[in-house]
Amino acid sequence: MSPRTENPSATQPDPTAPDPTATAAGPFHVSVAAEQAGTRLDRLLAGAIGTLSRSRVKALIEAGHVTRDGTVVTDPSESVRAGARYTLLPPPAVAATPAAQAMNLTILFEDRHLIVLDKPAGLVVHPAPGNLDGTLVNALLAHAGDELTGIGGEKRPGIVHRLDKDTSGVMVVAKSDTAHQALSAAFASRDLERAYLALVWGLPAPVAGEVEAAIGRHPMDRKRMAVVTRNGKHALTRYATERAWGAGCALVRCNLATGRTHQIRVHMAHINHPLVGDPVYLRRLPGAAKAVPQPARDALLAFPRQALHAETLGFRHPVSGEMLRFHAPLPPDMQALLTLLDGNPP
């Protein structure tokens, strides 16, 4: 038998079932059934409410937002007593610091828990010095601001992974604290599928394989990452050549077994196949360029960003458990390069 959960904003046909329409607004009233006696308070409340993660509930208890029969309790590990009535009243979600800015977004999927989108190259994910607005977060606040229930008490989208500014492709963003916690755990445990398409110089040999090499800060340039022998983090990239244009250029599919900063860019440069257009890891004119005929060679050398696209993202829905899988087609600028390589100038 579940503890009774009440929310004044909704009615429950079954008084023993958690309220499926409850939101972070509250207040939430939970009456403890006899068989629930001895359960940790934070576990009981998180399970009964269903829309707040246990870590969020714990923080709210410690901050004094829970009462037991009218008395404030601040110990998340308190063993609950049968018949006790707990009330949790979360503070209102505060407005996020970034301003909402309407932008055109390519939405692949959306429900009340998450948004999956195709991020264009050139769009910064999160505000930072030098990019205080015009970011994906600004756009998401405008797109879904009224539906955001609060991440850690702040009314903002939950960024669980990032793509570099000049990398395009599929991203997932949480709209609730529960979804944010579950998706973050999935990315941390690599319990998901991520595949990228990269246009690289030269033809990898073998045409399919693995690059397993630790990645850390470059010892001489702290703004770059590098394959290192000390103080690095384990990194594993699996790659397979999808298409090749002689010895000059190849389209490679990369699957990430780990998720290190700039992992694909670093690993492909490490095996002497840097990404076309990479402003950080392509340090000199690639010798393979000589094998590419004009006008494709000039276009490849002039490409203004790393030719990297997050094509596929698969994961379990953080609430329903349904397996979801999304694809984003190559963006027009990368597709144009492939067209030139095929000998079909625009």
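The model is predicted. Its chain has 346 residues, and 47% of them count as buried. Seven helices and 19 strands make up its secondary structure elements.

**Confidence and overall build**

- Mean pLDDT for the chain is 87. A value of 70 or more is reached by 88% of the residues.
- Residues 5-24 are the stretch to treat with care, with pLDDT below 50. That stretch still has 46 contacts in the model beyond near neighbours in sequence.
- Where pLDDT is low, predicted coordinates should not be read in detail.
- Consider the contacts between residues at least 6 apart in sequence: 65% of them join residues at least 24 apart.

**Nonpolar cores**

- The largest nonpolar core holds 28 residues. Leu136, Tyr196, Val200, Val252, Ile264, Met268 and Leu275 touch the most other members.
- At least two residues each come from the strands β8 (114-119), β11 (168-174), β12 (193-201), β17 (249-256) and β18 (308-316). The helices α3 (136-144) and α5 (263-270) also supply at least two each.
- Helix α3 provides the largest share of the core, with five residues.
- Another core, of 20 residues, lies apart from the largest one. Leu251, Ala288, Leu330 and Leu341 are among its members.
- Leaving out residues up to four places away in sequence, Met268 touches Val200, Val252, Cys254, His273, Pro274 and Leu275.

**Largest pocket**

- The volume of the largest pocket is about 640 Å³.
- Its lining has 27 residues. Arg162, Leu163, Asp164, Thr261 and His262 lie nearest the centre.
- At least two lining residues each come from α4 (177-189), β12 and α5. Helix α5 gives the most, with three.
- The lining has 12 nonpolar, eight polar and seven charged residues.

**Second largest pocket**

- About 410 Å³ of space lies in the second largest pocket.
- Of the 21 residues that line this pocket, Ala269, Asn272, Pro274, Tyr281 and Arg284 lie nearest its centre.
- Strand β15 (225-227) and helix α5 each give two or more residues to the lining. The most come from α5, with four residues.
- By class, this lining divides into 12 nonpolar, five polar and four charged residues.

**Cavity**

- One cavity of 30 Å³ or more turns up in a search of the whole structure. About 30 Å³ of space lies in the largest cavity.
- The residues around this cavity are His161, Leu163, Val170, Arg194, Tyr196, Ala310, Thr312 and Leu313.
- Strands β12 and β18 each supply at least two of the lining residues. Strand β18 gives the most, with three.
- Five of the lining residues are nonpolar, two are polar and one is charged.

- Pro274 is in contact with Met268 and is one of the residues nearest the centre of the second largest pocket.

Conventions: Residues are numbered from 1 along each chain as its sequence is written. This is a predicted model: local features need pLDDT of at least 70, side-chain atom pairs count only at pLDDT 80 or more; totals for chains, interfaces and linings use all residues. Side-chain values use heavy atoms; hydrogens and water are left out. pLDDT is the predictor's confidence in each residue, from 0 to 100. Contact means heavy atoms within 4.5 Å. A nonpolar core is a set of buried Ala, Val, Leu, Ile, Met, Phe, Trp, Tyr and Cys residues joined through side-chain atoms within 4.5 Å. Buried means under 20% relative accessible area, exposed over 50%, partly exposed in between (1.4 Å probe, protein chains only). On a 1 Å grid over the protein atoms alone, a cavity is a set of points where a 1.4 Å probe fits but cannot get out, and a pocket is an open set with protein on both sides within 12 Å along at least five of seven lines; lining residues have an atom within 4 Å of a point. Grid points are joined across faces, edges and corners, and a volume is the space filled by probe spheres set on the points. Ala, Val, Leu, Ile, Met, Phe, Trp, Tyr, Cys and Pro count as nonpolar, Asp, Glu, Lys and Arg as charged, and the others, Gly among them, as polar.
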